[in-house]
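Hello,

Here is the structure I promised to pass on to you. Please have a look at it first, and then read on for what turned up.

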Amino acid sequence: MISVQNLVKEFPKKDGSKFYAVDDVSFTANDNEIVCLLGVNGAGKTTTMRVLSTVFQPSGGTATIHGWDIRKDPDKVRENLGFLSGDTGLYNRLRVHEFIRYFGRLYSMDDKDITQRMDEMAELLDMKDFMDKKIEFLSTGMKQKVSIVRSIIHDPPVMILDEPTSGLDILTARNIISFIRSCKERGKCVLFSTHIMREAERLADRIVMIHKGKILAEGSLDLLREETGQMDLDDIFVHYVNLFSDEVEVQAHEF
Amino acid sequence: MNFRKVMIVFRKELMEVLRDKRTLFTTLLLPVILYPVLIIGFNAIMTRQTGVLEERGATVAIIDSVNTQISSRLIAGLEEIPNFSFIPAGDDVQGLYDAKEIQSVVTLKDSLAGDGLIKYHIYIQYDAANERSNMTYGKIFDVLEDIETELISDQLQISGISPELMNMVDVRGRDTADSQKKMGMILGMFLPYIMIIMLFTGASVVAADLVAGEKERKTLETLLVASVGRLEIVIGKFLTIITLSMLNLIVNLFSISFSLRFMLSQSGLDMAGAGMPIKAILILLAAMLPLATLFAAILLSISTFSRNMKEARTYESPLMMVSMIMAMISFLPAIEMNSLMAMIPIVNISLLFKAVMVNEYQVSHLMITILSTVVLVIIAIWGSIKLFNNEGVLMRSDDDSSSLKGIKKNRANFFTPYNGMVYFTLALLLLYYVASRWQMQDLARGLVMTQVIVIALPVFILLKVLKMKAAPVLRITMPRLKELILIPFIAIPATVIVAILAQFINSIYPFPEHYLESLGKLFEMNLPLWGSFLVVAVAPGFCEELLFRGLFPRFFQKYGMKVNIVITALLFAAFHLDPFRFVPVFLLGALLGYLTLRSGSIIHSMIAHTINNGLALLISVFSGSQIIKLVMMDSENLHYWVVIPAAIILFLALRAFHRFTERGEEICAES
């Protein structure tokens, strides 16, 4: 499971002031659950996920992944985490099986286990034809499958996927969607981010709305519908954004 | 650190790099092809070319104004040169020569020497810049010399003297160097240069690919989220670069060695059979390994810092230039290895290489070279690990680069360290190219013009352009009286201490004579004392302070006061274009920076600077007087003991100044 507590991530701006990409964010995602981090571009989704994957150090607060603290045990966090995003590219000069084996070895797996797991996944995702090809010669869809296998080769209990479908065509995006579902079926904790409302509606057990680095609202789709009185997720999202802007305005007036 | 993971990273990187055709080409294929083509090809072309030239022969015009038996014999000898044809000179001989129809004009004249003998003068007109004409000259000269010997020997025989008389004094050198050593000397000249450059290029291709390349291809994040620590990644990549550059080096050495062997066996010199000694190669590889490591660490840092490979290559090129220049030291005949040289990176390898090739190296130099490089390596590795742990650097993307547009948009942001360095470079260029010319024409006027036009005026123009008020930006504010009173008590002892330091440096590494002379000129200008004082003390005191304590600290203020003082003092020292006074000027600059930034008023440092320069002038003018003699050893040097009272006064005055300006830091932070 993922548990995020008062997470803050600030970046220095050119003029010396600070920019809060993630501002006091807390939420949880349980095992056997799909949680969606929903927000427009620049809301802080990617930064949150980079902090969770230990690529970035948090400026404040912390989080645990499968019980391991991202500050204290980054190594353990990475061991228990499968991470996939538009920025996790592939080594073009390697062959598919070499690439997957490389990551398997980094996760301290036996070569025998790697082979076994790789064969399983190749069967499942229909990849057998191109396991020996160099990655640079693969199509986008094929590459996406390789990325999936790479992220899950060590069978992690927690999966984090940052905008996994962005830039993909419908057929390739479907691979990802079914992959996310299958992760849940295996009892994993899945956190994925998107700005596409339909994806959130279809996949998520719970939705965490994030805007300008802050959490707007959190809950299942039904709960959010009940709270706002809107049916469509688009409208629900806009409702919360307006509420948030009003609050900021009120705060501004108080000074 | 998990060494197994390091090796996993290393093996994968090596495999990937070796699959890159570009890397493969530059590290392995290029050296294999380059040297044979270069050495053998060049050699073949040279011999071919000379052969072709000789085959083509030449046409030579002869003007024989002597017409004796001897001149005919000389001409007959010339006519025997194969492929040469001789024509009698007509009126158009110069025209033919200019049109390159004939390659040479030979004129024979004679004169009567004092003892009644006829002397023959032969003038060979030729064009030294033309290969064919040059060859013609060489052939004619050789033949004529042979005939001269024959003629003299004939004459001697007629006079009844043995022609052997001509060989009465037979001079011959006996070369004790064996062919191995000769070979070593030649190789020792240019090989270090080639090897160092090869090492660098080999490493840079790989290094740029390893981190900047990963950023460009968006694979870095894939690696960072995997179960591997940053230290393990850095070390793995680092080993890859070292391996590749050493591999590159070995391939290079073998290729050179093979090509040379081939060339020498072809050339038929007495060096045939001499190759590069294996022992020397092994020693050199051992010495090159730390350098390869150093290059690897520095290049890895650059690669980590860069956003993409192109940027990495841009940052690498100045480093490459510096390395090339340092490596060139092996070309200089006079410079030899010593313990000091052994501490300078690259230079030490270059000189060691030279010494090893002629088998005259000292083990201590080898050790110092390796040790000093290892120290630098540790610093460089530490730097690349630091950088790799800096997420701002590691995840830098293309969009947060500062552009020129940004500067125009935001005037407040003009004061960035980058712009500061640009300004400094421009000022330095102006000083070097324009100001030095002024000073050569007229020292006093040139100095004042430099101060006002090159140093002070641009500061005000810049602020005008930026629409900023000069006084607050440059900290031109009236200081408090009690601080001001302290300034002489700071400036005078500081000047004395710095002067003694310079004196101390001089006694260890004596300044060159011409340098001291040019410095002395400053105090011997044809001016009244107050004039000299204006030129040497007041003008720099005001103008240089405006730039170095007024403008420059604004560029670097984001680093905080301490670093700011150090940076501006470094620039101040560099601006004096004087390696001998670098340290003293730096210390003075740091003190002046402290006075201004601490108090918030530039007036302090202006006065202190003027006192410092003025004091040097006064000492040189009044060096004869009794009071000054008290503290002087001789006409130029102060007594070393003077440093003690000076240090005490400086310490006390600075402590008081520091206490008086307790508020100063706030003033500084506000502005």
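Arg313(B) is partly exposed, with a relative accessible area of 37%. Please keep in mind that this is a predicted model, here and in everything below. The side chain of Arg313(B) meets that of Glu316(B) in a salt bridge, with N and O 3.0 Å apart. Both residues sit in helix H11 (residues 309-327) of chain B, 3 residues apart, so about one helical turn separates them. Is Glu316(B) buried or exposed? Glu316(B) counts as buried, because its relative accessibility is 3% and the cut-off for buried is under 20%.

That pair is part of a wider set. Over all chains, the count comes to 31 salt bridges. In chain A, Lys214(A) bridges to Asp23(A), and the closest N and O atoms are 2.5 Å apart. Lys214(A) belongs to strand E10 (residues 214-219) and Asp23(A) to strand E2 (residues 18-29), so this pair ties together parts of chain A that are 191 residues apart in sequence. Lys214(A) is partly exposed, at a relative accessible area of 33%.

Another chain A pair is Glu123(A) with Lys128(A), whose side chains form a salt bridge at 2.7 Å, N to O. Both Glu123(A) and Lys128(A) are exposed. Back in chain B, a network of salt bridges links Lys12(B), Glu13(B), Glu16(B), Glu214(B) and Lys237(B).

Which residues form the positive one? They are Arg174(A), Arg181(A), Arg198(A) and Arg202(A). Helix H6 (170-185) and helix H7 (197-203) of chain A each contribute at least two residues to the positive patch. Arg202(A) is in helix H7 and is partly exposed, with a relative accessible area of 43%. Residues in a patch must have over 30% relative accessible area, so Arg202(A), at 43%, passes that cut-off.

Chain B has a negative surface patch, made by Asp142(B), Glu145(B), Asp146(B) and Glu148(B). One of these, Asp146(B), lies in helix H5 of chain B.

Asn130(B) is in the loop between strand E4 (118-125) and helix H5 (131-158) of chain B. The side chain of Asn130(B) reaches the backbone nitrogen of Ser133(B) at 3.0 Å. Along the chain, Asn130(B) and Gln103(B) are 27 residues apart, while 9.0 Å separates their C-alpha atoms.

Asn419(B) has its place in helix H16 (residues 417-441) of chain B. What does the side chain of Asn419(B) reach? It is the backbone oxygen of Phe414(B), at 2.8 Å. Asn419(B) is buried, with a relative accessible area of 8%.

Finally, back to chain A. Ile135(A) is in the loop between helix H4 (111-125) and helix H5 (140-152). Ile135(A) counts as buried, at 0% relative accessibility. Ile135(A) and Phe99(A) are 36 residues apart in sequence, and their C-alpha atoms are 8.5 Å apart in space.

Happy browsing, and do write back with any questions!

Best wishes

Key. Residues numbered from 1 in each chain as written. Chains lettered and ligands numbered in written order. Predicted model: local features only at pLDDT ≥ 70, side-chain atom pairs only at ≥ 80, totals over all residues. Heavy atoms only, no water. Patch = residues over 30% accessible without salt bridge, like charges linked within 9 Å, V, L, I, M, F, W, Y side chains within 5 Å. Areas by Shrake-Rupley, 256 points an atom, 1.4 Å probe, with all protein chains shown as cover. Salt bridge = Lys/Arg side-chain N within 4 Å of Asp/Glu carboxyl O. Lys, Arg positive; Asp, Glu negative; His and termini not counted. Charge placed at Lys NZ, Arg CZ, Asp CG, Glu CD. Helix = DSSP H or I, 4+ residues; strand = E, 2+ residues; numbered from the N terminus. Buried < 20%, exposed > 50% of the residue type's maximum accessible area, 1.4 Å probe, protein only. Polar contact = N/O pair within 3.5 Å; in protein donor to acceptor, adjacent residues only side chain to side chain.
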